[in-house]
Amino acid sequence: MDRPTAALRLDAIASGHPTGILDAAEQAERRGMDRLVVSETAYDPFLQLARAADRTSTVELATGVAVALARTPMTLAYQAWGLHAASGGRAVIGLGSQVKPHIEKRFGMPWDRPAARMHEYVHAVRAIWQSWQTGERLRFRGDFYTHTVMTPVFSPDPVPAGVPRILLAGVGPLMVRTAGEVADGFLSHPFTSVAYLTEQVLPRLAEARGRAEAEGAAWTDRPFEIAGSVLTATGRTEEELRANLAKVRERLAFYASTPAYRPVLAQHGWEDLQEELHRLSVRGRWEEMAALVDDRVFDAFAVAGTVEEVAGEIHRRYAGLATRISVSLPEDADPGLGLDVLAAIRDLG
């Protein structure tokens with residue numbers, strides 16, 4: 001897997017809220033963004049992106065991420081195919097596993113061996129799509145999923161653009177390797193430092209991708225994407241910048257308190273910080289948590305400054321490292337700020 005040499009592709013993030021998705025999509029396309037990305041939080045990203053498809057014509061439409069293990073492969077395959085067909089082949093399917101409590105207690109779905117399950121899940125989705133695209137008989141049997149029934153009345157029409165790309169999110173080594181083995185690209189979590197990406201993630205991706213290429217896996221004909229996402233505090237005024245800076249620091253404290261992200265902090269020798277933040281989070285002492293995120297930690301995981309300053313720093317960190325980039329702003333920040341930063345990155349080449 002070669003390191004990227006082309007200019008960073010630009011991914012605009014939208015909240016997916018029904019009242020804002022159409023405006024977000026139109027702005028992303030008008031300002032020349034390459035992809036509109038909607039995550040799965042309070043609203044179904046496939047539904048909102050399908051609405052966006054009717055108001056756009058060129059920008060790619062991506063889930064970033066959809067919770068794979070909350071759905072069966074067949075359910076996901078239908079949702080993704082519907083978006084792909086509605087958009088004229090512009091869908092990109094970003095998947096993530098979520099964590100055990102959400103899968104079992106929010107979605108009521110099984111959780112076991114998530115990396116192995118995701119590995120099979122992606123293969124199952126591709127087998128379903130292959131059946132729809134070519135008319136081949138569906139014959140998928142695995143350890144977790146079986147899909148062997150597909151009659152013409154339930155088979156969607158082929159999409160001239162071909163099947164969608166699948167990108168897989170991960171943090172730990174097993175899911176990272178899974179992405180390299182079976183996906184068309186990797187989605188880096190916003191709580192990822194450049195050091196962790198270069199020393200832990202990229203080598204595992206390259207090794208796993210190399211095995212898939214050596215085996216002649218069909219999907220390796222397409223270039224592998226590495227999508228970076230950067231926690232960003234910026235503003236058009238000093239007041240706006242200060243407010244967003246505080247919110248990004250709070251978000252960093254939340255991420256750092258999560259046991260699943262301990263390996264990222266361990267990369268920097270900050271395991272004790274994770275333990276202290278986790279203890280405070282269990283007690284609900286959120287204000288105290290943000291105060292523990294000092295400037296060293298902040299600078300490792302986030303950028304702050306004017307639009308031009310953060311654009312320059314993101315470009316410095318990720319050009320030649322990732323193939324595409326997005327900026328992760330506080331939830332209530334002006335979404336136009338993200339587009340401003342991405343446009344400034346584009347100007348840097």
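In the structure, Arg-262 and Glu-275 are joined through their side chains by a salt bridge with an N to O distance of 3.2 Å; the term denotes a side-chain nitrogen of Lys or Arg within 4 Å of a carboxyl oxygen of Asp or Glu. The two partners come from distant parts of the chain, 13 residues apart, with Arg-262 in helix H9 (residues 262–266) and Glu-275 in helix H10 (residues 271–282). Helices (H or I, at least four residues) and strands (E, at least two) are DSSP runs numbered from the N terminus. Arg-262 is partly exposed, at a relative accessible area of 28%, and Glu-275 is partly exposed at 32%. Here buried stands for under 20% relative accessible area, exposed for over 50%, and partly exposed for values in between (1.4 Å probe, protein chains only).

The model is predicted: local features need pLDDT of at least 70 and side-chain atom pairs count only at pLDDT 80 or more, while totals for chains, interfaces and linings use all residues. Residues are numbered from 1 along each chain as its sequence is written, and side-chain values use heavy atoms, with hydrogens and water left out.

The whole structure contains 26 salt bridges. One of them pairs the side chains of Arg-71 and Glu-40 at 2.8 Å, N to O. Arg-71 is located in the loop between strand S3 (60–67) and H3, and Glu-40 in the loop between strand S2 (35–38) and helix H2 (45–53), so this contact ties together parts that are 31 residues apart in sequence. Both ends are buried, Arg-71 with a relative accessible area of 9% and Glu-40 with 18%.

A further salt bridge, also at 2.8 Å (N to O), connects the side chains of Glu-181 and Arg-211. This pair links distant parts of the chain, 30 residues apart: Glu-181 belongs to helix H6 (residues 173–182) and Arg-211 to helix H7 (residues 194–214). Glu-181 is partly exposed at 22% relative accessibility, as is Arg-211 at 33%.

On the surface, Tyr-78, Val-153 and Phe-154 make up a nonpolar patch with about 340 Å² of accessible area together. Patches consist of residues with over 30% relative accessible area and no salt bridge, like charges being joined within 9 Å and nonpolar side chains (Val, Leu, Ile, Met, Phe, Trp, Tyr) within 5 Å. Accessible areas come from the Shrake-Rupley method with a 1.4 Å probe; for residues, only the protein chains shown count as cover. Tyr-78 lies in helix H3 (residues 73–86) and is partly exposed, with a relative accessible area of 34%.
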